[in-house]
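Here is a short briefing on the chain shown below.

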Amino acid sequence: MSQASVAAEVAPPTTRRWWARAAMALAVAAILLPVAAAGLLRLLGLLAICGVCAVVIVAAVYWFLISRGVLRIVSAALAVLPVAVLVVFLLRERQLWVVIAAALLAAAAVGCGRRALRPSRIDSLMPEHPAPDVHRPFIIMNPRSGGGKVVRFDLQRKAESLGAEVVLLDGPVEIDVEQLARDAVARGADLLGVAGGDGTQALVAGVAAEAGVPFLVISAGTRNHFALDLGLDRQDPARCLDALRDGVEFHVDLCHINGRPFVNNASFGIYAEVVQSSQYRDDKTRTVLRMLPDLLGRGTRSGLRAVVGSETIADPQA
């Protein structure tokens, strides 16, 4: 169950065709402008220099990510230096304005293309169904998720005023969220909800699917990918509680990987290793830079084993 979807109307087919034509015209202009301004031979030379700079930058960034100490500082300098060299070269050749103008034209082309490819109605991709009456909703809230949105938007009080039983994940001891949800269903809960991140959402959604009760999504996480897919208000998670009084139901596929459910996406490899760090939530950038040398260094193995049909792939590059 979720809050009523946002059925935003977009441009009719005739208008979308004009957006598509504008995208094509802008893309052609972005290609022809450098040729007209610099000439074909001069442009090829410029592209060659840009290519060399790009290779140096990519290599320097890679060494920056896998190194520590002095080598990381040197790599950072090497990553910045080609950009300065390229800007000076373009200024000397009086071609910097051409590059900037072509980039703006390309960006405008992408924007027009996105407008042209929008579906007729957002809600046509996810049909709504009547929501069952709810008498004993049970909601799990994580006060630390999303930078403290549960407290900032007074979600506990508002949910309890609507008749929901609320449990906060604020103790020093780690709580088994799945068991918490199963116990609530055993006591008669006829709706399970989560105000927290996508990981917690997935665990409780799995229990709700097993028990055959609706699942309420409250966008109190950091990114709220699942709430975004549902069209919920990510700026004001309190609005999601309206579903307890006047909601609609969406039927959503629930997937599993290694026996664990997920509602939006599942990650493996370096990103999955990084986000499991206890320091990641408090300082994402420093945690990533600290862990990447070990995760990207030579001799590391992914530990991933994928089974595709009858074929087993051990330690794929991912």
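The expected span of a helix is 1.5 Å times one less than its number of residues. Helices (H or I, at least four residues) and strands (E, at least two) are DSSP runs, numbered from the N terminus. This is a predicted model, where local features need pLDDT of at least 70, side-chain atom pairs count only at pLDDT 80 or more, and totals for chains, interfaces and linings use all residues. Residues are numbered from 1 along each chain as its sequence is written, and side-chain values use heavy atoms, with hydrogens and water left out.

**Overall form**
- The chain holds 12 helices and 10 strands.
- Its radius of gyration (over C-alpha atoms) is 26 Å, well over the 20 Å that the globule rule gives for 318 residues, so the chain is more spread out than a compact globule. That rule is 2.2 Å times the number of residues to the power 0.38.
- The C-alpha trace spans about 75 × 55 × 50 Å along its principal axes.

**Burial**
- Buried means under 20% relative accessible area, with a 1.4 Å probe and protein chains only.
- Of the 318 residues, 33% count as buried.

**Helix 2**
- Helix 2 covers residues 40-66.
- Its 27 residues should span 39 Å at 1.5 Å a residue, and its end C-alpha atoms are 39 Å apart, which agrees.
- Its buried residues are L43, L46, C53, A60 and I66.

**Residue A227**
- A227 sits in helix 9 (residues 225-230).
- A227 counts as buried, at 2% relative accessibility.
- Not counting residues up to four places away in sequence, A227 touches V217, S219, L232 and R234; contact means heavy atoms within 4.5 Å.

How values were computed: Buried means under 20% relative accessible area, exposed over 50%, partly exposed in between (1.4 Å probe, protein chains only).
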